[in-house]
Amino acid sequence: DVLKGKSVKVKGKVVKYNPDIMNRNWIHIQDGTGNENNYDLLVTSNDKTKIGDVIVAEGTLALDKDFGAGYAYKVLIENAKITKPAQL
């Protein structure tokens, strides 16, 4: 709860991408954390990406967000700016 409403930055690989739903792009990333039943982090953004990209998402952390129609999320990053990390 301490990070709710705060700006956060997360790096991960895009595993699912649904563009232009409810005026935003819905991006599921995996960063290697989580457990066998809960390992995707949802990011909403106006920026575009594609499955397989490694991205950095910086946006506002939201908790217990319910969009209705069965789409409820315990944790997500909203209004994120998407960038690609520099290659080493």
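**Core.** I began with the largest nonpolar core, which has 15 residues, a nonpolar core being a set of buried Ala, Val, Leu, Ile, Met, Phe, Trp, Tyr and Cys residues joined through side-chain atoms within 4.5 Å. The residues with the most contacts inside this core are I27, I29, V43, I77 and I82.

**Basis.** I noted that this is a predicted model, in which local features need pLDDT of at least 70 and side-chain atom pairs count only at pLDDT 80 or more, while totals for chains, interfaces and linings use all residues. Residues are numbered from 1 along each chain as its sequence is written, and side-chain values use heavy atoms, with hydrogens and water left out.

**Strands.** I found zero helices and five strands in the chain, where helices (H or I, at least four residues) and strands (E, at least two) are DSSP runs numbered from the N terminus. Read along the sequence, the pattern is β-β-β-β-β.

**I82.** I listed the contacts of I82, contact meaning heavy atoms within 4.5 Å. Leaving aside neighbours within four places in sequence, I82 is in contact with I27, V43, S45, D47, I55, V56 and A57.

**L61.** I located L61 in strand β4, and L61 counts as buried because its relative accessibility is 13%; the cut-offs are under 20% relative accessible area for buried, over 50% for exposed, and partly exposed in between (1.4 Å probe, protein chains only). Although L61 and S7 are 54 residues apart in sequence, their C-alpha atoms are 6.3 Å apart in space. Not counting residues up to four places away in sequence, L61 touches L3, K4, G5, K6, V8, V75, L76 and I77.

**T44.** I placed T44 in strand β3, and with a relative accessible area of 1% T44 is buried. With residues up to four places away in sequence again not counted, T44 touches R24, N25, W26, L76, I77, E78, N79 and A80.

**Whole chain.** I noted that buried residues make up 34% of the 88 residues in the chain. Of the contacts in the chain with a separation of 6 or more, 50% are between residues 24 or more positions apart. Along its principal axes, the C-alpha trace spans about 40 × 30 × 25 Å.
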